[in-house]
Amino acid sequence: MNSAHLMRVAPGALVVGKPLPWAVYDDRGNVLLKQGYVIQNDTQLEQLFERGLFHPRHYEVDIGADQDQEEEPRERNPFADYGPLLKTLSTTITHINERSPDARERLLGLARFIVRLCRQATDPCLALVHLYSVQPDAREQLLFYAILCSVVGDYMAMDEKHQTVMVAAALTGNLALQPFLDKLNRSNRRLSEDQRAILRKHPQLSAQALENAGVDNRLLLAIVMQHHEEPDGSGHPQGLRGEQIRPEARALALAERYMAMITKRPYRERLGITKARELLAGAAQADSDQAAPNALLKALTDTPPGALVRLANQEIAVVTKRPLGTSGPEAQAIISPDGYWYMSSSYRDCSHEEYAVMNIEMPDILPPMDFAVLWGYGE
């Protein structure tokens with residue numbers, strides 16, 4: 001890569017145990033580490049920074065692209081889009097906070113882009129959610145909520161316009177929390193009364209910020225306002241019950257709950273995907289309208305893409321494709337039964353007894369992977 005297109009990696013941008021969000025280069029533009037590589041310890045991280053790290057300059061995704069429904073959109077690589085999507089989301093939030101005239105169109109354009117990306121590459125998009133769930137920052141959390149809501153929207157048979165509005169709400173439901181959410185997520189202290197007050201008020205504050213920016217879609221604002229309501233009336237801010245809560249708001253609430261359960265925090269351990277699914281299924285029984293929880297559980301399946309699994313032959317593999325019909329999930333083996341990393345991945349059809357999934361692994365430090373190769377995007 002031309003060094004003119006590179007930027008120095010800022011301290012704190014890379015986290016031990018979390019996959020690299022993009023490829024890392026030296027000052028001459030040579031690849032040092034590919035996207036998906038996992039820094040294993042603090043010593044390795046320090047050595048890398050001493051050597052000098054650079055990443056591609058992040059340009060925004062073209063949220064105006066592929067508007068013509070009659071044209072077949074080009075195949076997209078969600079892993080390559082990851083950095084640009086986060087950049088675009090940051091810029092969109094800035095435009096909303098600054099009440100820019102184009103805030104509404106930017107938000108809906110980004111939401112539309114995510115909906116189409118998820119429809120075209122559902123398994124890789126869900127893989128992003130699980131591969132980066134170790135310790136996501138505030139922007140990543142919003143993107144993951146949006147991905148989950150988009151996929152759930154398909155299972156709820158929503159049309160694209162309806163789905164786009166729900167995804168836009170997922171991207172902005174926690175707008176009021178963005179300035180300090182990363183700090184809260186890293187803290188192991190109890191919340192102050194002021195922080196608790198903002199947490200309880202953030203649906204109203206977020207909706208107000210959207211209205212102030214000219215985002216006047218009634219459905220979008222209702223989803224944002226209701227996404228912390230609970231079927232039994234214990235939620236906030238209005239204490240709505242049962243069918244008073246829009247199913248789209250329940251979908252967003254469940255997406256947030258799922259991510260909270262599988263995400264690492266200083267004050268608690270992350271739950272396994274299997275346990276998180278069990279808790280979601282239990283919560284679904286309290287819903288008078290089970291469309292949203294059932295859609296999320298069906299979308300995830302027992303073995304969602306990006307999950308690390310132990311196979312019957314004792315290999316560790318990463319799930320790349322969800323089960324289809326009577327077939328099992330598909331995976332790529334990355335660690336041998338003896339614990340050695342494979343130099344290259346090996347396809348496994350988990351319908352076969354030898355490669356049946358025995359359980360899902362949830363390590364705090366993932367093994368290194370090359371996401372583009374694992375999901376067949378090549379170099």
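A search of the whole structure turns up 19 salt bridges, a salt bridge being a side-chain nitrogen of Lys or Arg within 4 Å of a carboxyl oxygen of Asp or Glu. Before you click, note that this is a predicted model, where local features need pLDDT of at least 70 and side-chain atom pairs count only at pLDDT 80 or more, while totals for chains, interfaces and linings use all residues. Residues are numbered from 1 along each chain as its sequence is written, and side-chain values use heavy atoms, with hydrogens and water left out.

**Stop one: charged pairs**

Select Arg 119 and Glu 160, whose side chains meet in a salt bridge at 3.9 Å, N to O. Arg 119 sits in helix α3 (residues 103-120) and Glu 160 in helix α6 (residues 160-172), so this pair ties together parts 41 residues apart in sequence. Helices here are DSSP runs of H or I with at least four residues, strands are runs of E with at least two, and both are numbered from the N terminus. Arg 119 is partly exposed at 35% relative accessibility, whereas Glu 160 is buried at 18%; buried means under 20% relative accessible area, exposed over 50%, and partly exposed in between (1.4 Å probe, protein chains only).

Next, pick Glu 315 and Arg 348, where the closest N and O atoms are 2.8 Å apart. Glu 315 is in the loop between β5 (308-311) and β6 (316-321), and Arg 348 is in strand β8 (residues 341-349), 33 residues away. Buried or exposed, Glu 315? Glu 315 is buried, with a relative accessible area of 3%, and Arg 348 is buried too, at 12%.

**Stop two: rings**

Switch to aromatics: the count comes to 7 aromatic pairs. Rings of Phe, Tyr and Trp (its six-membered ring) pair if their centres lie within 6.5 Å, with planes under 30 degrees apart called stacked, over 60 edge-to-face and the rest tilted.

Phe 79 and Trp 375 have ring centres 5.1 Å apart and planes at 45°, so they're tilted. Phe 79 is in helix α2 (residues 78-97) and Trp 375 in the segment after α13 (371-374), 296 residues apart. Both Phe 79 and Trp 375 are buried.

Then try Tyr 82 and Tyr 132: centres 4.5 Å apart, planes at 20°, so stacked. To finish, select Phe 79, Tyr 82, Tyr 132, Phe 144, Phe 371, Trp 375 and Tyr 377, which form one aromatic cluster.
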